[in-house]
Amino acid sequence: MFCCVPEPSDRKQEVNIEEIAPKDVSFDARPVIVRGFVSATKSGKIYDIDIVYNKIQELFLPSPSIITAFDVHSTRSELCTCDGNGRLVVYDLQTKAMRLTLDVPIQRTRRGRITTLVYSRCGTYLAGGAENGYLWMVEPNLMILTGGSPLQFCSEKIRLVMFSDDSKYLLCVEEPNTITLLQREKDDWQMMGRCTTHKLVDVALLCANDFISIGDDRYMAQYTINSDEMVQLEALSIMKRVRIEQSARPTVLLVLPGGNQLLVANDQHKFKLFHSRTFEIQHTFLAPFHDGPARCLRVKCAKVKRKRSPSVTIPSQSLKQLPGEDFFLFITNNNIYLHHLPIDGNPFKYLAVRGHPKRLKTLQIAWTVRSAFTFGDGDHAVSMWKINTSPLLDNLKHAGAGLDPFCTLLPGGKRGCYVREILSLFFYNQISPKNSDGDAELTLRDAMDIRDVPNYLRSIGFHMTEYEERNLCKEMEHFGTYFLTFEEVAKLFLNHRTATGGPPTTEDIRTAVTYLGATAASGNQVDLARLVTLLASMGEPMDADTTEFYFKVLFPGAFHSKEDLQGSVGSGASESAPESITECSNCISIEEFADKLC
C-alpha cells in the first residue's frame with residue numbers, strides 16, 4: 001500500500017478577515033475592520049493616521065488662544081468662531097476651509113473677551129457680547145464692524161444675546177439679571193428699554209413680540225415688547241411669572257413642535273412639558289440621568305416663507321416634520337445626546353457619545369450639513385460631529401413595546417419581583433375595604449381610579465409632596481379618563497420618582513434639621529416638639545396633631561418618657577429630677593432620628 005505525501009508549498013493559507021475580526025456591539029454583530037486610527041501627542045496635537053494609504057493629517061488646526069464663543073449660520077453652511085484674542089473666523093462647513101477673518105479690537109484682558117456670539121435669524125447680522133458690557137455688531141458677509149460698534153449700555157458681562165425672528169429686535173441679558181431691548185433703525189441699533197428680571201438661565205421666543213425665560217429662582221416669566229408708540233406702556237415689560245418647580249432648578253428651555261408646548265429640563269433629571277400660554281404643567285418625563293442635567297436643547301431648522309413677511313429661518317418645530325427627522329439634541333457635562341420625539345420617558349429613545357473629557361460649554365446644529373458642533377473647557381478648536389439617526393432607530397426597533405423598555409429601569413426587569421409586587425398592590429387597591437361594597441361581588445380589572453393613584457404611588461416608593469401631588473393630578477387630567485391602566489400608572493411612577501440617589505444619609509438629615517432650626521443646643525439631638533411646631537408653620541404646613549401622632553409611632557420612647565414623667569410629678573416625686581429629664585424628654589439623637597426615616 002502506497003501513501004501520497006503532499007509536496008510542501010510556499011503559498012500561505014488565506015484567512016477571511018471577517019471571521020477573525022472583532023464584532024461591534026450592534027444587533028447585527030458586524031466585523032470591525034480597522035484601516036486607520038487617531039493618535040494624540042503629548043504636545044496636545046491630534047492626528048488621523050490612515051495605515052492603508054500611509055497618510056497622516058492633523059485634526060485640529062493650531063490656534064493661539066482658546067475658543068470663547070461660536071455660532072452657525074442659519075441659512076448657509078458657515079460657522080463663525082471667536083477666540084480669546086478677539087479674532088473672528090468664518091469657516092465653510094462644506095470644504096472645512098477658512099473664508100473670512102476679523103480682528104476685533106477688544107481689551108486684551110479677561111474682562112474684554114467675547115463670550116457669546118449669535119447670528120440673526122436671516123443671517124444678515126452678527127452680534128457678540130463681551131465680559132465688559134461691550135456689544136460688537138459685525139457685518140457677516142464682509143466681516144467688518146458696523147459704524148456704531150461697539151455699543152455699551154452697561155459695564156457688566158453680557159451672558160446671552162438673541163435676535164427676534166424678523167431681526168428687528170435684539171435682546172441682551174446681563175450678569176446682574178437685567179434684560180436690555182435694542183431696536184434696529186436702518187443700520188443702527190438703539191436701546192428701547194430695560195427690565196430687571198430673575199437670575200435668568202435660558203430664554204426662548206414665543207412669537208414676534210413675546211418671549212419667555214426660566215430662572216434659577218424656579219420661576220418662568222413671560223415678557224412682551226410694546227412697539228406701539230401711541231400706547232403709554234413700557235417698551236419691555238413682564239406679563240406674568242409662574243413657579244414651575246418646588247426643589248429642582250430648571251436648566252434649559254425649548255419650544256416644541258406646534259408652538260403650544262414648552263420643554264423644560266431641570267437638575268433632577270426630568271423633562272417637563274408646559275402649556276406655552278398658561279404655563280400649566282402637562283407631563284413629566286424621565287431624562288437621561290447618567291451625566292448631569294440636560295443643557296443646550298437644539299432642534300432642526302428649515303427655511304420657510306411666512307405670509308406678508310420676508311424669508312426667515314424658524315424652527316421646523318412649528319412645521320410638519322419629515323419622517324426620520326423628529327429628533328432633538330442636547331448636551332450634559334461630558335456627553336452629546338440624540339433624543340427621539342415625542343418624549344415619553346423611554347430609556348431607549350436616546351443615545352449618547354462622549355463629547356469632552358472636562359466639560360462641554362455649548363452646542364449648535366447645522367442641518368445643511370447634518371452636523372453638530374461643540375466646544376468645551378480649554379478647547380482651541382470647535383468639534384464637528386456627524387449626525388446619524390440609524391443606530392437610535394435600530395435601538396428603538398429592538399426595545400420592545402408597552403412596558404418592556406420601561407421595566408428595564410426596575411430591579412429584575414419585567415419578570416422581576418419588584419414588578420410583581422407593584423402589580424399585586426395595583427389589584428389589591430381594588431379589593432381593599434375602602435373600594436369594596438359589603439358582600440357585593442368584586443371584579444378585578446386593569447383600571448385604577450385616578451383619585452387613588454397618588455396614594456398608590458406612595459405605597460410603591462414615590463413619596464411625593466403636596467406640590468408634586470397637585471402637579472400629578474393636573475397631568476392625569478390630560479389622559480381624558482377617570483381610570484388608568486397598570487401600564488399608564490407604572491409609567492407615571494417611573495417618570496415621576498426620584499431619578500438618582502438613594503435614601504437620605506445621616507449627614508443629609510443633620511443638614512436638614514439644622515437648617516430648620518430643630519436641633520437642641522448641643523447640635524447632636526433633634527427636638528421633636530420644636531420640629532412639630534416648625535413643620536406646622538413652614539413650607540407645606542402639616543397638621544400639628546397628625547405630625548405628633550406620627551412621631552409617637554416612630555419614636556414612642558421620647559413621648560412615653562414625658563407622659564411617665566408627668567405622672568411621677570403628680571405622685572409627689574422630687575422636683576429636681578424631673579426638671580432635668582423634662583429638658584430633653586422630646587430630644588433624640590440625630591443618628592436614631594435618621595435611622596427611623598431612612
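Two strands count as paired if DSSP finds at least two bridges between them. Keep that in mind for strand 15 and strand 16. Eight bridges join strand 15, residues 178-185, to strand 16, and the two run antiparallel. Within that pair, Leu181 stands opposite Gly193 of strand 16.

A word on the source. This is a predicted model. The protein chain has 598 residues, and buried ones make up 43% of them. It holds 13 helices and 37 strands. The accessible surface comes to about 32900 Å². Carbon and sulfur atoms account for 53% of that surface. Now contacts between residues at least 6 apart in sequence. Of these, 45% join residues at least 24 apart.

Which strands form it, and in what order? Four strands make an open sheet, ordered 13-14-15-16. The pairing is antiparallel. Strand 13 and strand 16, residues 188-196, stand at the edges. Each has a single partner strand, so one side of each is left without a neighbour in the sheet. From one strand to the next, the twist averages 20°.

Take strand 13, residues 158-163. Is it enclosed or open? Five of its six residues are buried, so strand 13 is largely enclosed by the rest of the structure. So an edge strand in the sheet can still be largely enclosed, because five of its six residues are buried. Strand 13 pairs with strand 14, residues 169-174, in the antiparallel sense over five bridges. There, Met162 stands opposite Leu171 of strand 14. The hairpin of these two strands has five residues between them. In that hairpin, Ser167 takes a positive phi near 60°.

On to the helices. Helix 7, residues 486-496, is mostly covered. Eight of its eleven residues are buried. Among them are Phe486, Val489, Leu492 and Phe493. Asn495 and His496 are buried as well.

Next, a helix pair. How do helix 9 and helix 10 cross? Helix 9 covers residues 528-535, and helix 10 covers residues 544-554. Their axes come within 9 Å and cross at roughly 145°. The crossing is right-handed. Which residues make the contact? Helix 9 supplies Leu528, Leu531, Val532 and Leu535. Helix 10 supplies Ala544, Thr547, Glu548 and Phe551. By class, the contact residues divide into six nonpolar, one polar and one charged.

Terms used
Residues numbered from 1 in each chain as written. Predicted model: local features only at pLDDT ≥ 70, side-chain atom pairs only at ≥ 80, totals over all residues. Heavy atoms only, no water. Axes fitted to C-alpha atoms, helices over the stretch in contact; angles between N-to-C directions. Left-handed = near helix turned anticlockwise from the far one by under 90°. Contact = heavy atoms within 4.5 Å. Nonpolar A, V, L, I, M, F, W, Y, C, P; charged D, E, K, R; others polar. Buried < 20%, exposed > 50% of the residue type's maximum accessible area, 1.4 Å probe, protein only. Areas by Shrake-Rupley, 256 points an atom, 1.4 Å probe, with all protein chains shown as cover.
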